[in-house]
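Dear colleague,

Please find the structure below, together with its sequence. My notes on what was found follow it.

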Amino acid sequence: MSPAAVIPASIHEEEEESKRVCVMDASGRLGSSLVESLLQRNYIVHAAVSTYGNLQPLKGLASCLNNKKLKIFETDPFDYESIINALKDCSALFYTFETPQEQPIFDEFMPEIEVRAAHNVLEACAQTDTMEKVIFTSSVTAVIWGEDHKSTTADEELSERNWSDVNFCKKFKLWHGLSKTLAEKTAWALAVDRGVNMVSINAGLLVGPEISMKTSYLKGAAEMYEDGVLVTVDLKFLVDAHICVSEDISSYGRYLCFNHVVNRPDDAVEFAKMLTPSTETTTLSAATSYEDLGIFEQRIGNKKMNKLMVDYKN
């Protein structure tokens with residue numbers, strides 16, 4: 001497929017000095033915000049969107065459409081050539097998986113879909129000579145699930161070293177965690193095998209008006225709360241983290257990314273109101289009043305991410 005806007009033969013001098021990067025999928029909330037922020041930083045941005053024949057995904061990019069440094073590509077994560085076209089001449093890829101329109105909820109079939117997409121994207125990156133770094137957006141759900149996590153002490157909090165247990169996720173039908181775990185492991189395996197410089201960002205729940213009790217990330221939310229691992233992240237913090245990781249040459253491996261922990265009754269109340277503002281029944285407590293909820297020790301850390309961002313800003 002070809003880009004919606006063709007790059008003229010005589011490229012402006014300022015464009016020659018700008019770094020060219022790709023954001024995929026640019027149609028989601030994170031992707032479109034990354035595009036906007038990168039354009040503000042003078043990047044040339046290839047916005048790879050999955051339109052599936054309609055222009056709805058471009059709504060999030062409405063404020064950027066007149067920017068000459070924005071190049072829009074229609075891509076399909078299962079169409080290898082469309083990925084290759086979007087990545088052409090790019091030095092970095094910001095990759096996040098958006099669920100297909102016809103299948104917005106994670107179910108037992110989603111892991112296979114997301115793994116195939118991750119495989120295609122990393123393979124395409126390996127075939128792109130100009131590619132210097134891949135920033136792969138994963139999830140905290142690829143870290144927190146497993147039988148042994150129950151016995152983790154405060155001195156042994158979960159970190160980037162931990163992985164969710166695949167069999168545990170299958171047993172309790174934690175499809176979001178299973179999908180993110182398998183896709184990220186697939187990406188890492190290919191990155192190592194093909195010599196691709198990859199960094200992953202394992203994000204907490206991205207808060208915003210679109211989340212609800214049905215949000216796939218939140219299956220098992222009561223257990224996350226009691227285990228001290230229910231964490232959220234604001235959009236601006238997450239976008240800044242992605243750009244920091246991409247620009248800092250010292251970044252490596254995995255980074256847990258969140259800026260709020262829900263582990264106190266008052267936090268649970270506010271969180272529940274955000275999910276279901278008009279009802280009393282919530283994911284966290286179907287039959288128990290919030291006053292009865294305890295305060296749970298935070299058992300997950302993001303020191304690595306915070307240190308990188310502080311050092312980078314300094």
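**Findings**

Asp 25 is located in the loop between E1 and helix H2 (29-40). Please keep in mind that this is a predicted model. A cis peptide bond connects Met 24 to Asp 25, with omega at about 0 degrees. Most peptide bonds are trans, and most residues other than glycine have a negative phi.

Asn 42, in the loop between H2 and E2, has a positive phi, near 75 degrees. Its relative accessibility is 41%, so Asn 42 counts as partly exposed. Asp 89, in the loop between H3 and strand E4 (92-95), also has a positive phi, near 70 degrees. With a relative accessible area of 45%, Asp 89 is partly exposed.

**Strands E1 and E2**

Strand E1 (residues 20-24) runs parallel to E2, and five bridges join the two. One of the residues involved is Val 23, whose bridge partner in E2 is Ala 47.

Is strand E2 buried or exposed? Six of the six residues of E2 (residues 44-49) are buried, so this strand is largely enclosed by the rest of the structure. The burial applies to both faces: Ile 44, His 46 and Ala 48 lie on one side, while Val 45, Ala 47 and Val 49 lie on the other.

**Helix H4 and its two partners**

Helix H3 (residues 80-87) packs against helix H4 (residues 110-126) at an angle of about 45 degrees, and their axes are 9 Å apart. H3 is therefore oblique to H4. The crossing of H3 and H4 is right-handed. On the H3 side, the contact is made by Tyr 80, Ile 83, Ile 84 and Leu 87; on the H4 side, by Asn 120, Val 121, Glu 123, Ala 124 and Cys 125. By class, this contact of H3 with H4 has seven nonpolar residues, one polar and one charged.

H4 also meets helix H6 (residues 175-194), where the axes come within 8 Å and cross at roughly 20 degrees. H4 is therefore roughly parallel to H6. The crossing of H4 and H6 is right-handed. Residues of H4 in this contact include Met 110, Val 115, His 119 and Leu 122, and those of H6 include Trp 175, Leu 178, Leu 182 and Arg 194. The residues of the contact of H4 with H6 divide into 13 nonpolar, three polar and four charged.

Yours sincerely

Definitions and conventions
Residues numbered from 1 in each chain as written. Predicted model: local features only at pLDDT ≥ 70, side-chain atom pairs only at ≥ 80, totals over all residues. Heavy atoms only, no water. Axes fitted to C-alpha atoms, helices over the stretch in contact; angles between N-to-C directions. Helix = DSSP H or I, 4+ residues; strand = E, 2+ residues; numbered from the N terminus. Parallel < 35°, antiparallel > 145°, perpendicular 65-115°, else oblique. Left-handed = near helix turned anticlockwise from the far one by under 90°. Contact = heavy atoms within 4.5 Å. Nonpolar A, V, L, I, M, F, W, Y, C, P; charged D, E, K, R; others polar. Buried < 20%, exposed > 50% of the residue type's maximum accessible area, 1.4 Å probe, protein only. Pairing = 2+ DSSP bridges.
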